[in-house]
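Please look through the structure shown below.

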Amino acid sequence: MEQERRFDEERILNMKTNQYSGFHKLTMEQRAAEVAEFSGLTEEEIGRLTNPGALTNEVADHVIENVIGTYQLPVGVAMNFLINGKEYVIPMVLEEASVVAAASNAAKMARAAGGFTTSYTGNIMIAQVQCIGVANPYFARQNILHHKEEILAIANEKDPVLVKLTGGAKDLEVRIVDSQIGPMVVTHLLVDTGDAMGANAVNTMAEAVAPTIEKLTGGTVKLRILSNLADHRLARATATFTKEAIGGEDVVDGVVAAYAFAAADPYRAATSNKGIMNGIDPVVVATGNDWRGMEAGVHSYCSRGDHYTSLTRWEKDADGNLTGSIELPTPVGLVGGATKIHPAAQACVKILGVKTAAELAQVIAAVGLAQNFAAMRALATDGIQKGHMKLHARNLATVAGATPEQLDAVVAKMVADKKVSVDYAKEILAGMQ
Ligand code: MEV
């Protein structure tokens with residue numbers, strides 16, 4: 001009763017925001033009801049997330065091959081996100097404890113300086129056409145460029161609907177790639193795929209222009225496929241974390257030093273970027289997008305220089321505050337693919353409240369930055385095990401059979417005794433009988 005009343009008071013204060021302190025203390029039903037209200041979900045729509053089986057076997061059987069059933073993961077929501085002045089509740093689908101809590105906490109700290117600011121370069125995907133056996137590749141390159149309008153017209157004939165919506169194929173780039181089988185002439189078709197991720201559209205276009213490329217180069221076209229290094233579809237996000245909000249200037253310096261490590265050392269960069277993907281992939285999955293494509297895009301983008309490096313940058317500003325920035329390829333969409341097929345993905349898109357692929361991409365960038373900040377701050381101060389162990393203890397206590405009433409006491413004892421295991425949770429529970 002006491003908890004419900006306090007929560008109601010907070011809601012009255014925060015009616016138009018997603019800031020619910022103590023949200024995690026609500027029951028799952030209460031949380032779902034709050035999210036449904038915030039996002040305007042109908043009972044049927046929120047039911048797709050709260051009840052198992054939203055993806056029926058019948059539908060699943062048409063998504064991939066040799067289907068034998070479906071597989072469930074938890075959906076959590078990260079709170080407190082303020083992006084370009086708009087409040088977002090972020091649905092996250094994943095199996096790792098502490099990620100959702102860390103994102104929410106980071107987003108809360110970012111609010112002191114106005115939250116996240118983002119931008120986007122546009123919905124431009126690249127389709128590659130590989131041409132080998134060209135005697136004079138530099139001449140051939142220019143010949144392709146001389147015929148740019150003709151090539152774009154051939155590509156666009158394949159998708160009049162997309163052309164009407166976005167203009168379709170808009171530009172060409174031609175690169176000479178040196179390889180062990182000699183130089184290749186690689187043509188990039190730059191296609192505005194609108195709110196779709198656009199794999200099918202660009203692959204069809206790449207196949208359509210191949211004969212013309214062969215004629216213009218005298219070579220042989222081999223691969224015709226999109227590139228996941230979608231560096232014309234970049235989302236950017238920045239945030240300032242005031243030194244007061246994050247625990248002082250030592251913490252600022254600690255995060256900057258942690259970033260310097262990731263920037264300089266690929267071994268550390270891999271782990272730092274994994275932490276970023278802890279935030280990004282769950283949103284990509286929740287919205288029915290292709291997380292493998294997203295991963296490939298991010299890691300290749302981090303490998304453009306002379307070594308693999310950090311996706312984010314962290315600096316101290318003139319006032320001693322911490323500023324973070326991220327820029328990443330975002331091959332994601334809102335139409336087509338699993339986003340439209342999976343009923344739970346549609347509900348997640350509605351919770352997120354994004355109306356375009358551009359908006360989704362920018363939210364993803366902000367979540368990645370927040371997640372990285374949370375990890376860096378923890379690593380630069382207490383280390384991550386303290387928070388992790390508490391959440392891990394909750395999971396293990398539940399597995400050991402603790403009831404909601406017993407949970408807090410069992411967790412507190414496991415953490416205090418530094419013995420976090422299912423066996424010890426069972427021992428504590430037996431002592432409570
Ligand atoms: C764990 O899933 C992610 C971290 O290792 C990220 C990092 O080290 O920055 C905590």
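Is N80 buried or exposed? N80 is buried, with a relative accessible area of 7%; buried means under 20% relative accessible area, exposed over 50%, and partly exposed in between, with a 1.4 Å probe and protein chains only. This is a predicted model, in which local features need pLDDT of at least 70 and side-chain atom pairs count only at pLDDT 80 or more, while totals for chains, interfaces and linings use all residues. Residues are numbered from 1 along each chain as its sequence is written, and side-chain values use heavy atoms, leaving out hydrogens and water.

N80 is found in strand β1 (residues 75-83). Although not a glycine, N80 has a positive phi of about 80°. Most residues other than glycine have a negative phi. K418 also has a positive phi, of about 55°, and is not a glycine. K418 lies in the loop between α18 (404-416) and α19 (422-432), and is exposed, with a relative accessible area of 74%.

The chain has 19 helices and 10 strands; these are DSSP runs numbered from the N terminus, with helices (H or I) of at least four residues and strands (E) of at least two. Its radius of gyration, taken over C-alpha atoms, is 25 Å, close to the 22 Å that the globule rule gives for 433 residues, so the chain is as compact as a globular protein of that length. The globule rule is 2.2 Å times the number of residues to the power 0.38. Buried residues make up 48% of the 433 residues.

The axes of α11 (residues 249-264) and α12 come within 5 Å and cross at roughly 115°. Axes are lines fitted to C-alpha atoms, for helices over the stretch in contact, and angles run from 0 to 180 degrees between N-to-C directions. F261, A262 and A264 in α11 meet P266, R268, A269 and S272 in α12, where contact means heavy atoms within 4.5 Å.

Helix α12 (residues 266-286) also pairs with α13 (residues 291-301): their axes come within 10 Å and cross at roughly 150°. That makes α12 roughly antiparallel to α13, because angles over 145 degrees count as roughly antiparallel, under 35 as roughly parallel, 65 to 115 as roughly perpendicular and the rest as oblique. On the α12 side, N273, M277, I280, D281, V284 and V285 meet W291, M294, E295, V298 and H299 in α13.
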